[in-house]
Protein chains: 2
Amino acid sequence: TCHIIGYGHRAETLKRALEIGAIDIAYADPQAAVQEAELVILCTPVGLLGSIIEEIAPALPPGALVTDVGSTKQSVVHAGDTKLPAGVFIGSHPMAGSEKRGVEYARADLFQNALCILTPTPATDPVALSKVTAFWKMLGMRTTHLSPLDHDRLIADISHLPHALAAALVMVQSDPALALAGNGFLDTTRIAGGDGNLWKDILHDNRQQVRQSLSRLLLELQSLDRLLDDSQASALVEYLNAAAARRDTLVQRKLRENASGLL
Amino acid sequence: TCHIIGYGHRAETLKRALEIGAIDIAYADPQAAVQEAELVILCTPVGLLGSIIEEIAPALPPGALVTDVGSTKQSVVHAGDTKLPAGVFIGSHPMAGSEKRGVEYARADLFQNALCILTPTPATDPVALSKVTAFWKMLGMRTTHLSPLDHDRLIADISHLPHALAAALVMVQSDPALALAGNGFLDTTRIAGGDGNLWKDILHDNRQQVRQSLSRLLLELQSLDRLLDDSQASALVEYLNAAAARRDTLVQRKLRENASGLL
């Protein structure tokens with residue numbers, strides 16, 4: 001039989017997790033929690049992953065695998081590869097969740113049809129990789145493999161940059177402008193409602209890639225500014241139509257993925 | 001009794017509007033449509049409002065008022081004030097709707113609790129203003145008054161800039177990055193799914209204000225880039241928390257507005 005063992009630093013969180021059945025057994029000590037583990041899933045903020053890996057390393061039983069759910073992968077994979085025995089760590093980034101945080105937002109269908117990116121390196125044990133891949137598939141996820149660097153580059157573009165941008169878009173507004181905000185503005189900035197500490201960790205950890213994404217966006221916005229010139233009306237409509245079409249392709253793909261998940 | 005008279009340049013649209021009860025009578029000619037009107041509501045794309053005002057001007061009966069639903073106000077108010085008799089035109093911007101377009105998306109509760117901005121000038125007739133204000137309130141809207149310039153400035157910040165930004169955020173993505181897009185990205189870019197021609201009209205008409213908003217955003221993004229420096233982690237967390245708190249204040253206000261609308 002399979003037991004889900006939980007460790008967390010707040011007793012209250014462990015108590016609620018037990019109550020709602022998210023975990024079967026609770027430990028107040030990370031080393032005790034992993035001592036009989038087959039698969040350890042680290043879910044701390046990105047900035048704490050390195051130290052928790054160090055903490056559990058001496059207590060891991062032979063054959064145990066360790067993965068994580070962090071939104072950046074270079075630093076944690078480096079920590080896993082250097083602080084754990086070879087072949088033990090596999091980086092994972094299950095792309096699911098919301099701006100809500102806490103065990104009370106646990107949902108059985110959270111991972112259904114969502115994408116999990118696994119980030120093997122040349123040192124990764126193929127058997128371990130296929131075991132962790134199978135684990136995420138068992139939860140209903142689609143999976144893909146990328147190098148830690150490719151992950152951090154692409155996720156900086158598609159996830160970290162939009163987050164930073166949503167925060168800036170809120171901060172640039174005057175109070176009289178905010179008083180006129182409609183639902184469109186709330187949608188556009190929804191991801192800026194997330195936990196500031198959690199996102200500081202992510203953006204700071206991946207700052208090199210995020211700054212590159214940001215600098216490409218600044219160039220893009222400068223060309224958009226030129227399209228707002230008096231003489232560029234027809235180029236502007238082409239630009240807006242191209243953006244709408246690209247987004248629509250995405251929406252259609254999401255609909256197909258969700259439909260195939262229902263079969 | 002009150003009749004809703006519809007004019008549109010496509011016969012098919014008028015036919016569907018009659019079928020679903022959105023209008024009582026359809027006209028294929030704008031001058032015929034307005035000849036017995038008490039209140040004319042212009043709902044064309046922003047770029048066509050000037051010419052439709054010119055077209056209906058000779059046919060308007062005495063005492064009729066004209067308003068519009070455009071997302072920019074300086075140009076249409078100027079057209080209304082110069083091409084119609086004094087006191088006839090009142091600019092309106094009912095902030096409701098979605099990226100969907102067409103009579104098939106008509107909804108009886110579309111305007112409920114949403115905000116309508118009316119844009120009087122020193123030349124506006126106060127009685128006409130209060131009549132048009134009462135009309136939007138009758139549809140369930142909250143109303144506020146701003147000068148056409150203040151409207152265009154503030155709406156450039158809170159609506160037109162986010163739209164331009166959402167388009168740029170889609171366009172800056174590579175295909176491999178788009179393949180990793182989650183629901184957060186779809187939310188953030190939802191408004192970029194709108195009709196390109198409609199939005200070209202809006203952004204082009206309000207380009208002077210939009211470029212000012214964009215240049216302030218570029219400065220904001222440059223300071224955000226500095227917060228991504230190695231040494232600025234604590235300033236970054238403050239920034240992200242401030243953005244989350246400002247947005248949360250907005251969300252709470254929206255919830256209160258919706259709750260009070262239910263009384």
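**A strand pair, a helix pair and a core**

I'll start with one residue pair: B:Ser92 has B:Leu118, in strand E6 of chain B, as its bridge partner. Please keep in mind that this is a predicted model.

That pair belongs to a wider pairing. Strand E5 of chain B and strand E6 of chain B, residues 115-118, run antiparallel and are joined by four bridges. Both sit in an open sheet of three strands in chain B, ordered E5-E6-E7, with mixed pairing. The edges are E5, residues 92-95, and E7, residues 142-145; each has a single partner strand, so one side of each has no neighbour in the sheet. On average, neighbouring strands here are turned by 20 degrees against each other, direction ignored.

Now to the two chains together. Helix H6 of chain A packs with helix H6 of chain B, residues 148-171 in each case. Their axes lie 12 Å apart, at an angle of about 170 degrees. Angles over 145 degrees count as roughly antiparallel, and the two helices are therefore roughly antiparallel to each other.

Which residues meet there? From H6 of chain A they are A:Leu161, A:Pro162, A:Leu165 and A:Leu169; from H6 of chain B, they are B:Leu161, B:Pro162, B:Leu165 and B:Leu169. By class, this contact has eight nonpolar residues, no polar ones and no charged ones.

Last, the largest nonpolar core, which has 84 residues. The members touching the most others are A:Leu221, B:Leu217 and B:Leu221. Take B:Leu217: leaving out residues up to four places away in sequence, B:Leu217 touches A:Ala168, A:Leu169, A:Val172 and A:Leu221 in chain A, and B:Leu161 and B:Leu165 in chain B.

Technical notes:
Residues are numbered from 1 along each chain as its sequence is written. Chains are lettered from A and ligands numbered from 1 in the order in which they are written. This is a predicted model: local features need pLDDT of at least 70, side-chain atom pairs count only at pLDDT 80 or more; totals for chains, interfaces and linings use all residues. Side-chain values use heavy atoms; hydrogens and water are left out. Axes are lines fitted to C-alpha atoms, for helices over the stretch in contact, and angles run from 0 to 180 degrees between N-to-C directions. Angles under 35 degrees count as roughly parallel, over 145 as roughly antiparallel, 65 to 115 as roughly perpendicular and the rest as oblique. Contact means heavy atoms within 4.5 Å. Ala, Val, Leu, Ile, Met, Phe, Trp, Tyr, Cys and Pro count as nonpolar, Asp, Glu, Lys and Arg as charged, and the others, Gly among them, as polar. Two strands pair if DSSP finds at least two bridges between them. A nonpolar core is a set of buried Ala, Val, Leu, Ile, Met, Phe, Trp, Tyr and Cys residues joined through side-chain atoms within 4.5 Å. Buried means under 20% relative accessible area, exposed over 50%, partly exposed in between (1.4 Å probe, protein chains only).
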